[in-house]
Amino acid sequence: MSTDLTTYENLLAAITVDDGSPVHDPATGEFVGNTTISTPEDVDAAVARAKTAQQSWGALTHAERSGYLHKAADAVNASAEALAELLAREVGKPLNGPNARFEAGACEAWLRANADFEIEDEVLVDDESGKAVLSYVPIGVVGAIGPWNWPMMISIWQLAPSLRMGNTVIMKPSENTPLSVQALVQVLNQVLPDDVLQVVPGAGEIGQAVSEHPDIDKIMFTGSTKTGQAIMRSAASDMKRVTLELGGNDAGIVLDDINVEQMAEEIFWGAFINTGQTCAALKRLYVPASIYDEVVTALANVAKTAPMGQGMSEDNVLGPLQNEAQQSIVADLVEDARKAGATIAAGGDPVADQPGYFYPATIVSDIAQDNPLVQIEQFGPALPIIKYDTIDQAIEWANELEVGLGSSVWSADEAKAREVANRLIAGTTWINKHGAVDPRIPFGGVKKSGMGLEFGVEGLKQVALPKVTAR
Ligand code: NAD
């Protein structure tokens, strides 16, 4: 009989080994479990199996593969609490708030949405000159390489459309969060045919073995711009397809008509979701001089009262940083901003007497556009608030950086907000919210934030080959 994977203990036992690389809880330092580490030979073997399995998986109908995705969603639903607990222990994210339970729930939602999308052949021409049809056929084996901040959700973003379109998938999780992805794959593999979905844990060299493998036909990569550039370079030799979801440094522009009191929570969570470790989180806020002090005070008040602590406590909504390197990056940038004359309106001091990689929710005001805390993706719980005099100046500053993942405009007047939104260079510009993703709405970055789109029918097309038949 197969193991019941609905409890944390069983799930952990199914994916950990006696002799492997140890994983620790970033909040407490407690041992979570040992992960296996793949070798390049393991990658070769997995790819060979995936290539064989793709023959029959790719031959199924859309309805049959959709059926599998719904069964996979049921399996995630049954194990949701166990998956959330593992996220709380391995990533450190609290069970509550837009964190661990939210992430497990999103996995189910994305699987169901990808099962239900309709993708049909498109008749392009059908007249006396002939008939031309555009259809979407499987690419083959997809290599999916991911980051550590939303390990399960981002894996689902990669694997659900890939499987739906008849590809088989090899996942390469981040070395910081290998167990979360292995657990997810273990749960999904209760219902998927053998070798359709596999996982090869390991560090960058295993990612490289995946991205350079001649029998992998498409790379879906989510991570830093630097790694994305390396992957794109190596993909060139085989003309591999790539979808790249890379770093961001999202700007938000507040207009002078907002109700500050009402909006403060929404703005805060746009910035501090997952303790700021989110690619499309609000990372720099531009506020008009007329309401600047009011906005800074309101956000500082939310920051000071949001409960922070270890993931497994039901009270917390902010957790630790996932790793020490990330904690240092944020702490150093805030410290440098302070030395450059910025005001720390909330947070700003490392959390003392706690074993984990904690850093408080930090609001920085009186900061200049050219400060590194504004210019560099700090990927943590800090929000610099920059004062502007004219909207043209704010738009120029928002558009100035090399990245363009998300952005937002905050206003009581939707028409005015849309006017400003149309002038912002980013894959998505939200109005009166930030970072909210929806499986039906395409998402992707421009400039150095990436290439290609995920989600929706557009997302399905990106993991398929367009094929024209014409007579
Ligand atoms: P990273 O680039 O360091 O690592 C990402 C993955 O790439 C890991 O699995 C890593 O092992 C692997 N890797 C490293 N070197 C490789 C190589 N040479 N070839 C192939 N794979 C290699 O990124 P990270 O620190 O894990 O994640 C944080 C970054 O990810 C941030 O910049 C963030 O903005 C970005 N991100 C983007 C999105 C998005 O949707 N645009 C989502 C989440 C995170």
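## Burial and the basis of the model

A residue is called buried if 20 or more other C-beta atoms lie within 10 Å of its own, exposed if 12 or fewer do, and partly exposed in between, with C-beta atoms placed from the backbone. By this criterion Arg284 is buried, as 26 other C-beta atoms lie within 10 Å.

The model is predicted: local features need pLDDT of at least 70, side-chain atom pairs count only at pLDDT 80 or more, and totals for chains, interfaces and linings use all residues. Residue numbers run from 1 along each chain as its sequence is written.

Arg284 belongs to strand 11 (residues 282-288). Helices (H or I, at least four residues) and strands (E, at least two) are DSSP runs, numbered from the N terminus. With neighbours within four places in sequence left aside, Arg284 is in contact with Asn249, Ala251, Val374, Pro384 and Ile386; contact requires that the C-beta atoms of two residues, placed from the backbone, lie within 7 Å. Ser407 is 123 residues from Arg284 along the chain, and their C-alpha atoms are separated by 9.4 Å.

Val169, in strand 6 (residues 168-172), is buried because 29 other C-beta atoms lie within 10 Å. Apart from neighbours within four places in sequence, the contacts of Val169 are Val142, Ala144, Leu159, Ser162, Leu163 and Leu197. Val169 and Val199 are 30 residues apart in sequence, with a C-alpha to C-alpha separation of 8.4 Å.

## Helix 4 against helix 5

Two packed helices are described by the angle between their axes and the distance between the axes. Here, axes are lines fitted to C-alpha atoms, for helices over the stretch in contact, and angles run from 0 to 180 degrees between N-to-C directions. The axes of helix 4 (residues 80-90) and helix 5 (residues 100-116) cross at roughly 130° and come within 8 Å. Helix 4 is therefore oblique to helix 5. Angles under 35 degrees count as roughly parallel, over 145 as roughly antiparallel, 65 to 115 as roughly perpendicular and the rest as oblique.

Helix 4 contributes Ala80, Leu83, Ala84, Leu87 and Ala88 to the contact, and helix 5 contributes Ala100, Arg101, Glu103, Ala104, Gly105 and Glu108. These residues comprise 7 nonpolar, 1 polar and 3 charged. In this classification Ala, Val, Leu, Ile, Met, Phe, Trp, Tyr, Cys and Pro count as nonpolar, Asp, Glu, Lys and Arg as charged, and the others, Gly among them, as polar.

## Helix 7 and its packing with helix 1

Helix 7 (residues 178-188) is mostly covered, with 11 of its 11 residues buried. The axes of helix 1 (residues 8-15) and helix 7 are 9 Å apart and meet at an angle of about 100°. The two helices, helix 1 and helix 7, are therefore roughly perpendicular to each other. Leu11, Ala14 and Ile15 of helix 1 make the contact with Leu179, Gln182, Ala183 and Gln186 of helix 7. The contact residues of helix 1 with helix 7 divide into 5 nonpolar, 2 polar and no charged.

## Ligand shell and helix 8

The ligand is surrounded by 30 residues, of which the closest are Gly204, Gly207, Gly223, Gly247 and Cys279; a residue is near a molecule or strand if its C-beta atom, placed from the backbone, lies within 6 Å of it. Helix 8 (204-211) and helix 9 (225-235) are the elements that give two or more residues to this shell. The largest share, 4 residues, comes from helix 8. By type, the shell residues are 11 nonpolar, 15 polar and 4 charged.

Within helix 8, Ile206, Gly207, Ala209, Val210 and Ser211 are buried. The buried residues of helix 8 pack against helix 2 (40-59), strand 5 (141-145), strand 6, strand 8 (218-222) and helix 9.
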